[in-house]
Amino acid sequence: MGRYRWSSWGEGGGEGKVGPAWLEGLMRETFFGGCGAHQNQRKNEKNVFCLHCCLSICPHCLPFHRLHPLLQVRRYVYHDVVRLDDLEKLIDCSNIQPYTINSAKVIFLNQRPQSRSCKGSANACFTCDRILQEPFHFCSLSCKVNYMVYEGESLSTILHRFDESDFAISQFEGLRVDGSEVIDEDSHFAPTSSYSNTTEATSNSVISCEANNTSKKNKGKATRFLPGIVLSLGNRRKGAPHRAPLS
């Protein structure tokens, strides 16, 4: 079973409460940046979290952590997510709204920026006021943890004693170093519910579909893509050649 060092957190009313170092590290680590130890290697994005060392690592680092429990972190629209099936083995994810991406349920690690907060009687995240579906209370793992710390609740009530074999390096046998397992921005993304509030997901899907359709129509033609603009260089009409008059 996993047994790791604990760290002291001091946020809000929860000052002095303690939590496992891996949990704090998981929420604070930077993922998908270049690995400093393998900066000369291709595809060195840090998309794995070592639960023992409490840091993010890249696929090239895996051999050096082969005896440690490892958690894969995925990415969607520049935000870090973890599969719900994996995260539930570590911590109670109840009341956190899951999302479905590529047929898998995932949980966002941290809250996402939003242009406006919830107003009125709509169901919203207890921490950041993001609009949620019933009956969820949090939009991300960090929102739930920070709320409990602020309220003075013990994090030990939601932590699980996990089996390290569930996070063995063998789970990454199918993980390609080229990052093909990373979730792309054009993946299907929707809240896990029969009622879907997918405004931000829809906008991203429309943009992706338009880009894909345009690329198919212009297959074989030189095309330049700019943010929000598609410039095709293959649709110019060719006029009749003009010869210089004989002298």
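Author: Helices (H or I, at least four residues) and strands (E, at least two) are DSSP runs, numbered from the N terminus. Keep in mind that this model is predicted.

Reader: Where does Asp-129 lie in that scheme?

Author: Asp-129 sits in the loop between β9 and α3. β9 covers 104-108, and α3 covers 141-150. Asp-129 is not a glycine, yet its phi is positive, about 70°.

Reader: Is Asp-129 buried or partly exposed?

Author: Buried would need under 20% relative accessible area; exposed would need over 50%. Asp-129 has 36%, so Asp-129 counts as partly exposed.

Reader: What is the phi of Ser-103?

Author: Ser-103 has a positive phi of about 70°, and Ser-103 is not a glycine either. Ser-103 belongs to the loop between β8 (99-101) and β9. Its relative accessible area is 74%, so Ser-103 is exposed.

Reader: Which residues does a cis peptide bond join?

Author: Glu-134 and Pro-135. Omega there is about 5°. Pro-135 lies in the loop between β9 and α3.

Reader: Now the sheets. How do strands of a sheet pair?

Author: They pair through backbone hydrogen bonds, either parallel or antiparallel. In this structure, three strands make an open sheet with antiparallel pairing, in the order β4-β3-β5. β4 (55-57) and β5 (70-72) are the edge strands, each pairing on one side only. On average, neighbouring strands of this sheet are turned by 35° against each other, direction ignored.

Reader: How many bridges link β3 and β5?

Author: Three, in the antiparallel sense; β3 spans residues 48-50.

Technical notes. Residues are numbered from 1 along each chain as its sequence is written. This is a predicted model: local features need pLDDT of at least 70, side-chain atom pairs count only at pLDDT 80 or more; totals for chains, interfaces and linings use all residues. Side-chain values use heavy atoms; hydrogens and water are left out. Buried means under 20% relative accessible area, exposed over 50%, partly exposed in between (1.4 Å probe, protein chains only). Two strands pair if DSSP finds at least two bridges between them. Axes are lines fitted to C-alpha atoms, for helices over the stretch in contact, and angles run from 0 to 180 degrees between N-to-C directions.
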